Structures are given as structure tokens and as C-alpha cells.
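Visitor: I'm new to this one. Can you walk me through it?
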Amino acid sequence: MWFFGLFSRKKKRERSRDTAYKRLEAILERRRPVSVTEIIPKTEFEKNSERIKEKIVTWVSDTFKVSPERVKVEFEEHNGYIVIITNVTFE
């Protein structure tokens, strides 16, 4: 029995460490500077901010296979620019 089991392949279950590593790799691959092509007026941004939040949450939860409740999106204004801060809690 032992001899035949020596050459059989065991199906490895993905560990949480490997999953976290893949997620970190995906985050770092996508992180690159984005050139500003259009400046949106503040009033228009305030009108659509909830819709923008929903789209970001949907995209992040689909991309990283996380439930939408674990994604938080906030907007902060710094020196006249709106900064989008996204926090994702992984399991």
C-alpha cells in the first residue's frame, strides 16, 4: 500500500497564507499612477458620490472575492482634491 501511495499526487488544499499572498499580488499589480484626464466639478461629484461608492464596492468585492460589507470607501478632501480611501478587510 505504501509503495503505491508514494507516486500518487495528493490534492493540496489552498492555505490561507497562499490566498493572502495572491490577493496582495493582485493589489500590487494594479497599483499604478493614474493620470488625471478630467476634472469633475465639486457639485457634480457630491451629487454622484454615493453611486461612485457603490461602484467601487462592487468592483472591489468582485475582484478580491470579498463580501461587500467588508469594503469601506471614504472620500477626503486634500488641497482641493478628493482622495478616495478604500479599506478592505480580508478574512
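Guide: What follows covers the nonpolar core, the aromatic pairs and one threonine. This is a predicted model, where local features need pLDDT of at least 70, side-chain atom pairs count only at pLDDT 80 or more, and totals for chains, interfaces and linings use all residues. Residues are numbered from 1 along each chain as its sequence is written, and side-chain values use heavy atoms, leaving out hydrogens and water.

Visitor: Which residues make up the largest nonpolar core?
Guide: Ala26, Ile56, Val57, Val60, Phe64, Val66, Val71 and Val73, eight residues in all. A core here joins buried Ala, Val, Leu, Ile, Met, Phe, Trp, Tyr and Cys residues through side-chain atoms within 4.5 Å. Buried means under 20% relative accessible area, exposed over 50%, partly exposed in between (1.4 Å probe, protein chains only).

Visitor: What gives the most to this core?
Guide: α3, with four residues. Helices are DSSP runs of H or I, at least four residues; strands are runs of E, at least two, numbered from the N terminus.

Visitor: New topic. How many aromatic pairs are there?
Guide: Three. Rings of Phe, Tyr and Trp (its six-membered ring) pair if their centres lie within 6.5 Å; planes under 30 degrees apart are stacked, over 60 edge-to-face, the rest tilted. Phenylalanine 45 and phenylalanine 75 have ring centres 5.0 Å apart and planes at 80°, so they are edge-to-face.

Visitor: Is phenylalanine 45 buried or exposed?
Guide: Phenylalanine 45 is buried, at 14% relative accessible area. Phenylalanine 75 is partly exposed, at 22%.

Visitor: And where is threonine 63?
Guide: Threonine 63 sits in helix α3, residues 42–64. Threonine 63 is partly exposed, at 26% relative accessibility.
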